[in-house]
Amino acid sequence: MRIPRLIPELPLLWRELTELSARKRTYVIRSVGAIVILSAVLVLLEGASSRVQAGGMSAGVFNVQLMGIGSVAFPQIVNVLFLAVELLMPAFTCGAIAMEKERNTLGTLFVTRLSPLTIVLEKLGSRLVPMLTILLLTFPVLAFVYSLGGVESSRLYSAVWLLFWESVLYASIGLLCSAWYSTTVAAFVASYVLTGFLVFLTFLMQLPLPTPQMIWRAGELGGIGPGRGRTAFLYSIDSSTLSGLVYATVPVMVAIAGMLLLTRSLLFRRAFVGHSSMLLRIFRRVDGVFQRLNDRAGGVMIIPDRVSLPGLDPVAWREREKKTLGKARYLVRVLMVFEFPVMFLCIMFVMYGNASNSTDMQRVLYLMWAITGMMVAVKAATLISSERTRETLDALLSTSLTNRELLQQKIVGMRRLMLVMGTPLMSVHLTLFLMHVNFGGWDTAAGLVSIGLLLLYFVIAMVASWNLMHLMSWLSLLLGGRSRSQTKSVLLATILLAIWGVSSALFLQTEGGRYRGGYSGYGGYGAYDREYEAYETVQFWRVQKRLFRLDGAVDAAQQFLSAATYGNYRQFSIGSDYGTDSNILLEGLVLAVVLGWHWGLYRFVRWLTLRMSPWILERNDVGVGTGELQRDHTVLMEGTS
Amino acid sequence: MSTGREPAEPAQETGQRTRRIAISIRNLWVSYGKFDAVKGISLDIPQGEVFGFIGPNGAGKSSTFRVLATLQRKFRGQAYVCGLDVLRQPQQVRDVMGFVPDFFGVYEDLTSLEYLHFFAAAYKVPTAKRKSVIDDVLTLTDMSHKAESPVDGLSRGMKQRLALARVLLHDPQVLLLDEPSSGLDPRARIEMRELLKALKEMGKTIVISSHILSELGQLCTRIGIVELGQLVAEGSLQEIYRRLQVMRLIHIRVENASAELEQRVRAIPGVAKLETQVDRWAISLHEDQTSLAELHAGLVEAGTRLTMFQPEAMDMETAFMKLTEGRTI
């Protein structure tokens, strides 16, 4: 008698896992992911224990005070794991279906007996395994922290449960994008945009969306935290019991089921979509609509198509005039897409916020930086690999263009995009400037100085932003230029930039541990209220921090804003040592050092990229040899007919 | 070496026909990791020649092309194009060479005219001369009527012609064409062949690789056959045929076949092998020792009553099959 199989045969899952195990990339991502997570965990653990140890007993001896430290370290570690899921899961899932489309293998899956839902579920399983493996690596640390005491068992179980559903949630989002888009790169960008949007809505804007992370935070804060009114549902949940936890995650499960069903229906419909840019298709449709409107109404075309031919910079010309993210007309639309919401938010914050609390503006600024960073990194990383995948690179490399000219022209072609992405950033900076400036005081010397300093902040913010965008573009070109596939180059560039950005923000935000409480962010007025260290020492630490941070110059500009406006808000000053004019000079000096360092960093990365251009383009360039004609090989050949 | 052509440059010193060497390769080795794709190829291609590069897939043709096109960073040996060292003077080599790779994409966002302007700028053709140069190559490649068409919408044959137009923009002395007829329909192939003939008439040195051997036979003045990274034969078509015809295969049908007659045929001078097949005998003949006419006379003399005497025709396919053993990688 045949015994029915308890576990059904899962050929696609088996194939996916076999493929993943054969890829070097899997192990690299897994190792890097584990190293970053474990490092973050260890830093947090060390920070928590040093804070406790600072209470009295000598280091090296087991400290009884360490007992119960789990209550401090555990929530922080779990938060890092949630962040890791948000950062890694989209990268893991975006290629699940899109890659099948790129390789033209999706059709062969359809002719098998696998149902669409089975395909979706097996794909989901195959991408969950690597993420859960990474999370599993951190469980011994969680167990250790748990053993230190102070963590209730229910918190441990709920952390495991919620991390699992967090992984499934973001995997479903990635899978949905993968089913919709024809290329992995497009799916990658869309996955991160959606993930970022969800994080922005829940984590930053405190909207009551019951994502696993928010359920965790609600349980952690126990109804005392900020935004309680807005997240009444979350705080009404008793996540300490199993039934309460399951009840809390029901909306997430429903959302996941909905997304998976949508993915299933899209699997067929979007299986054979063209590889042409979706953005381009949308823009062409919009063009058609405008054209029809113009034909009827006899309207005026604001930005007419300009027929131009390349001059001396053909590569830059093509990037500038012919690419979707290069054409002026299309870029204006991209600008509108970002600028209108940013302007709306800025006006809202100006109307309903107050100048002394610009935290919301900082959030908008950093959200825009995340989007800008991703767009610049994706574009720059694929500048060469897109030529490779479209088989146009060999033709280009056999021309008279040198490697340096080629790479330089590629980056120059991106400037319009940088300008467009920089405009909303400038709007935020301008709003911050307008929020803080007091034009009423122009008739006094102090008022004029204050206005001048704020104007200086605005100029420096522009320079720092421009510099950072160039740094990211050259770095992405260096990281992704050599790759043979666009997916690989995008993953490489964005993951490394994200690791730099996030890890430096996490690890180097350590002055919080030096103060009585946590450092509240970039607003910084409260920072002067600290008592442990002298102002100069703190500044030295901040300079060090910003030298290694990806956004160090932008951060320094924000700090300069705080110092420059401090004079306008002296009522916030507590210690007489702080808030003097010399602080502005010191902040200015810090800013000059950091800005100079980051400019130097950009120039170094640019120089390194150009220096490594033969390696990136896999072609030798001028100056390799002597430049002399090899006379031996132009010998006349004798005919002996 | 006789090529039967006028020299591309005036002869010097001797009264013999002389020509410059356009391409010279000495002991070329190309390796990818531990795998050697090209193993010690050496050859000289005189100026004005159409050289056919033949070989099975993975034989090392494209790797050799990539070296000559300055797209291979690491290799051993020497390679010169018009006397310029590929490794030491890549930029100068690019100025005298045009390369059409085996797989090539086109920029879908450009029209044919924009595409050519793009590459004219990339080849650093002076701005003032660009229009006339582009008009000339469009006329030469018969693409003038497609100048404003988007490149993406062109047929494969048209794209190949456009690619050829692209590499003519800077008036190179040497053209490297890797499988230019691949995937073309018969009409497009004939048109491509005519275009290459026109370029040959213009005195360009053309190195061409193809699997369509009959075409190479009509076009090439010399061929090189590559297998497993080695040049197994090189020379004019006649030279290669002559070399391969040493063992000509002749099919005969005999009305009075018997074991004794078979023995007598085997004894004819020059007969290396006789294989008895179902309806015929296959004779391998050393043609340098015994001509076909002498074999025929010998067979008659031996008492065979012949109903068929069929020497196997020698063509490029035969030569290719004889010289290569199908050991593709």
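## Two helices side by side in chain B

H5(B) and H6(B) are roughly parallel to each other, because their angle falls under 35 degrees. This is a predicted model, and in it helix H5 (residues 156-168) of chain B packs against H6(B) at about 15 degrees, with 10 Å between the axes. If you want the hand of the crossing, it is right-handed for H5(B) and H6(B). On the H5(B) side, the contact is made by Gly157(B), Gln160(B), Arg161(B), Leu164(B) and Leu168(B). H6(B) answers with Ala188(B), Glu191(B), Met192(B), Leu195(B), Leu196(B) and Leu199(B).

## The six-stranded sheet

Now for the sheet itself. Six strands of chain B make up an open sheet, ordered E6-E7-E8-E3-E9-E10, and the pairing is mixed. At the edges sit strand E6 (97-100) and strand E10 (230-236) of chain B, each pairing on one side only. On average, neighbouring strands here are turned by 15 degrees against each other, direction ignored. Helix H1 (residues 61-68) of chain B also packs on this sheet, where it touches E3, E6, E7 and E8 of chain B. The direction of H1 makes about 150 degrees with that of E7(B).

As a reminder of what holds such an arrangement together, strands of a sheet pair through backbone hydrogen bonds, either parallel or antiparallel.

Strand E8 (residues 205-209) of chain B is worth a stop. Five of its five residues are buried, so the strand is largely enclosed by the rest of the structure. Thr205(B), Val207(B) and Ser209(B) point one way from E8(B), while Ile206(B) and Ile208(B) point the other way. Whichever way they point, all of these residues are buried.

Which strands does E8(B) pair with? Strand E3 (residues 50-54) of chain B is joined to E8(B) by four bridges, and the two run parallel. Strand E7 (residues 174-178) of chain B also runs parallel to E8(B), with five bridges joining them. Ser209(B) turns up in both pairings: it is the bridge partner of Phe53(B) and also of Asp178(B). Getting from E7(B) to E8(B), the chain goes through helix H6 (residues 186-201) of chain B, and this β-α-β crossover is right-handed. Another bridge pairs Leu177(B) with Ile208(B) in E8(B).

## Chain B in numbers

Stepping back, chain B holds eleven helices and 14 strands. Its residues number 329, of which 53% count as buried. Take the contacts in chain B between residues at least 6 apart in sequence: 66% of them join residues at least 24 apart.

## A helix pair in chain A

Over in chain A, helix H4 (residues 95-102) and helix H7 (residues 153-180) have axes that come within 7 Å and cross at roughly 20 degrees. With that angle, H4(A) and H7(A) are therefore roughly parallel to each other. The crossing of H4(A) and H7(A) is left-handed. H4(A) brings Gly95(A), Ala96(A), Ile97(A), Ala98(A) and Lys101(A) to the contact, and H7(A) brings Leu175(A), Ser178(A), Ala179(A) and Trp180(A).

## Two buried residues in chain A

Ile616(A) is found in helix H24 (residues 613-617) of chain A. How accessible is Ile616(A)? The relative accessibility is 0%, so Ile616(A) counts as buried. Leaving out residues up to four places away in sequence, Ile616(A) touches Arg388(A), Leu407(A), Leu477(A), Leu478(A), Gly481(A), Arg482(A) and Thr609(A). Take Gly481(A) from that list: 135 residues separate it from Ile616(A) in sequence, yet their C-alpha atoms are 5.6 Å apart in space.

Thr211(A) has its place in a loop, between helix H8 (184-204) and helix H9 (212-221) of chain A. Thr211(A) has a relative accessibility of 7%, which is under 20%, so this residue counts as buried. Apart from residues up to four places away in sequence, Thr211(A) touches Leu169(A), Leu198(A), Thr202(A) and Val252(A).

Definitions and conventions: Residues are numbered from 1 along each chain as its sequence is written. Chains are lettered from A and ligands numbered from 1 in the order in which they are written. This is a predicted model: local features need pLDDT of at least 70, side-chain atom pairs count only at pLDDT 80 or more; totals for chains, interfaces and linings use all residues. Side-chain values use heavy atoms; hydrogens and water are left out. Buried means under 20% relative accessible area, exposed over 50%, partly exposed in between (1.4 Å probe, protein chains only). Contact means heavy atoms within 4.5 Å. Two strands pair if DSSP finds at least two bridges between them. A crossover is right-handed if, with the strands pointing away from the viewer, the path from the first strand over the helix to the second runs clockwise. Axes are lines fitted to C-alpha atoms, for helices over the stretch in contact, and angles run from 0 to 180 degrees between N-to-C directions. Angles under 35 degrees count as roughly parallel, over 145 as roughly antiparallel, 65 to 115 as roughly perpendicular and the rest as oblique. A crossing is left-handed if the near helix is turned anticlockwise from the far one by less than a right angle, and right-handed if clockwise.
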